[in-house]
Amino acid sequence: MIARIAATAAIALAISGPAAVARAAAPSPVALVPVARFSAPVGVVAAPGDAGRLFVVEQAGRIVERRGTTQTVFADLTDRVKADGSEQGLLGLAFAPDYATSGKLYVFYTARPPAGAVVDDNGSDLVISELHRADADHVDPASERVLLRIPHRLGEFENGGQLAFGPDGRLWIGTGDGGGDNDPFHNAQRTDPATDDAARGADALLGKILRVDPGAGDGCGGACTIPADNPGFAQREVWALGLRNPWRFSFDRLTGDLAIADVGNTVFEELDLAPAPARGRGADYGWPAFEGTARVAGTDGPPAGCCTTPVLERGHDQPDGYNAIIGGVVVRDPGLPALAGRYLYANLSSGLIQAVRLGAGTAFDDRSTGLRAPGLTSFGEDGCGRVYATTLDGVLYRLSQGEGACDAVGVTVAPPARQRAAAIGSVRTTLTCAIACTAGVRASLTVGGAVVGRTATRTMALGGGRRATVALRVPATIRATLRRALVRGRVPGVRFVVTARAADGGARRRATATARVVR
């Protein structure tokens, strides 16, 4: 899943506020805003209820926390992650629904098999683990508790990698079939753990959507609990089967529907839709008997009752030219009205982002957004529902169409009505941003409407809703000019100019406020 970025697109993020703020910009077309750069990012996640931070998953084994424009290493698991295969590494991250109190999070990564294991074609083990935070901004790597360790030792490809807590509060996991053309280990249809044999590449947990309660209990060898409403396969962690490489799946924030983007083999890429409330319970998506809707020659006949057909498929041949589907999210960001309710997905090689509507067991009105980020590896959402995309070249993008509920910086400039600049040598004002922003403040001193001097600009980072008081030094020569004006009965003034932008990037807009200068 490696490609190089050939082009980028950017759009200014408008900033608005209450009184004393510049006029709002006209609505903008949807575009990609470069937000930050990382090392081979493959996922972007927010913790529940946290609108102030993003967590970016780097393939080599780090999770980087981004708060405003500050980036810190939240977790470093490089000592246990095997990332030398192109589809291997730290692949997934999910925060527990009660993360604010429990401090629990879950990761999906590939690890080196134990010494003496039969390994071929750069294989690995798939590891799903629980970790605990050490403090607000760091994970304790020593807290790791392994839920599942799945042998995937005869191929480096088709690992899956997605983790997510569903609307039901359960942990959902997507695993690949084990590698090779047409599922040579017959894993995607395997549901009986009695047939497992790591040396033959056989494991009933592969090629599946798994669903568990991560608390210790009767599943995962005692490390998890099997929900009572799971379908009841012999491999009890299995929720749905017949998948090749469900690299990314997501739940619609509004409807709870599950959309699974399954990376194809040689003919088709497919999107499977599992509407709520059943969300595909016990579904068989047909691999390897079917790739998309196409029957795969030379494979065993489809099992009885098979199969759940995809709602969308894209071909490898032209005009589609797909090589791997990168599944996304249904847009629920109020700041993206042009894409509202549409599911986003992309082609790995071209990075062209599509937007399609999903209905009851169907997909329709599939359109190109015109946005392109080659090497696009994943989509994700922040705590406000804003949509991001990661690329292997390292760029994290945000989809933007001007302002949304979380984009309105809301800069308030509130100076005291009277300033004693000539006497005390400074002018003061307070600033407030509705969300995290970076603000630059300067002041112009006037006499009779004419500018007689300016202060230096002071720049600061403001947290959302935080009020800051700013004192700007007035040069001695300007103070002298103000004193002379006051002696002559003239009324000097001060005009504060604030240039602010959202902490995650965007175009600047100005806010102003005025006050009088008195003795």
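**Entry 1**

I looked up the largest pocket and found about 800 Å³ of space in it. The residues lining this pocket number 36, and those closest to its centre are Val45, Ala46, Ala164, Phe165 and Glu381. I note here that the model is a predicted one.

Next I checked which elements give two or more residues to the lining of the largest pocket: strand 2 (41–45), strand 6 (90–95), strand 10 (160–165), strand 14 (248–251), strand 20 (325–330) and strand 24 (376–381). Strand 6 contributes the most, with 5 residues. I then sorted the lining by class and got 20 nonpolar, 11 polar and 5 charged residues.

**Entry 2: cis peptide bonds**

I went through the peptide bonds. The one from Ala276 to Pro277 is cis, and its omega is near 5°. I placed Pro277 in the loop between strand 16 (268–274) and strand 17 (290–291).

The bond from Cys306 to Cys307 is also cis, with omega near 15°. Cys307 sits in the loop between strand 18 (294–295) and strand 19 (312–315).

**Entry 3: positive phi**

I looked at backbone phi. Asn122 is not a glycine, yet its phi is positive, at about 60°. I found Asn122 in the loop that runs between strand 7 (104–111) and strand 8 (124–135). Is Asn122 buried, exposed or partly exposed? Its relative accessibility is 26%, so I logged Asn122 as partly exposed, the class between under 20% and over 50%.

His186, likewise not a glycine, has a positive phi of about 60°. I located His186 in the loop between strand 11 (171–175) and strand 12 (209–212).

Notes:
Residues are numbered from 1 along each chain as its sequence is written. This is a predicted model: local features need pLDDT of at least 70, side-chain atom pairs count only at pLDDT 80 or more; totals for chains, interfaces and linings use all residues. Side-chain values use heavy atoms; hydrogens and water are left out. On a 1 Å grid over the protein atoms alone, a cavity is a set of points where a 1.4 Å probe fits but cannot get out, and a pocket is an open set with protein on both sides within 12 Å along at least five of seven lines; lining residues have an atom within 4 Å of a point. Grid points are joined across faces, edges and corners, and a volume is the space filled by probe spheres set on the points. Helices (H or I, at least four residues) and strands (E, at least two) are DSSP runs, numbered from the N terminus. Ala, Val, Leu, Ile, Met, Phe, Trp, Tyr, Cys and Pro count as nonpolar, Asp, Glu, Lys and Arg as charged, and the others, Gly among them, as polar. Buried means under 20% relative accessible area, exposed over 50%, partly exposed in between (1.4 Å probe, protein chains only).
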